[in-house]
Amino acid sequence: MIKKLDITKKATTDSVLQIQLLSYQVEAKIIEFDDIPPLKDTIETLSSCGETFFGYYVQEELSGVISYKLDEHTTIFTG
């Protein structure tokens, strides 16, 4: 099931950050580069980033996350 996430709630932000860090650690290892900006995110930076987040749940456990941010001319997806 996919649900829109309220990234301003600490428990939600904690869960999103855990998934993000695990995912980007794998990427950093594959590309042998660990200075990927999402690895530096904190609860504070995520909750104030201005992105809209959606979570993918498997048996009520958050298993994946995607986010996007609209600006004047583009849509930026992350996840």
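This is a walk through a predicted protein model, from its confidence scores to a few of its side-chain contacts.

Let us begin with some ground rules. Residues are numbered from 1 along each chain as its sequence is written, and side-chain values use heavy atoms, with hydrogens and water left out. Because the model is predicted, local features need pLDDT of at least 70 and side-chain atom pairs count only at pLDDT 80 or more, while totals for chains, interfaces and linings use all residues.

How confident is the predictor? The score to look at is pLDDT, the predictor's confidence in each residue, from 0 to 100. The protein averages 92, and 94% of the residues score at least 70. Among its elements (helices, H or I, of at least four residues, and strands, E, of at least two, taken as DSSP runs and numbered from the N terminus), strand β1 (residues 2-5) has the highest mean pLDDT, 97. Strand β4 (residues 75-78) has the lowest, 66. Where pLDDT is low, the predicted coordinates should not be read in detail.

Next come the charged side chains. Side chains of opposite charge can pair when their charged atoms come close. In a salt bridge, a side-chain nitrogen of Lys or Arg lies within 4 Å of a carboxyl oxygen of Asp or Glu, and this structure holds 2 of them. One joins Lys10 and Asp14, with 3.0 Å from N to O. These two residues are 4 apart in helix α1 (residues 10-31), so about one helical turn separates them. Lys10 is exposed at 53% relative accessibility, whereas Asp14 is partly exposed at 25% (buried means under 20% relative accessible area, exposed over 50%, and partly exposed in between, with a 1.4 Å probe and protein chains only).

Another salt bridge links Lys40 with Asp35, at 2.5 Å from N to O. Here Lys40 is exposed, at 55%, and Asp35 is partly exposed, at 39%.

Now for the rings. Because Phe54 belongs to strand β2 (residues 52-58) and Tyr68 to strand β3 (residues 61-70), the pair ties together parts that are 14 residues apart in sequence. Phe54 is partly exposed at 27%, and Tyr68 is partly exposed at 25%.

Finally, look at Lys3: its charged end sits over the ring of Tyr57, 4.8 Å from the ring centre (the rule asks for NZ of Lys or CZ of Arg within 6 Å of the centre and within 35 degrees of the ring normal).
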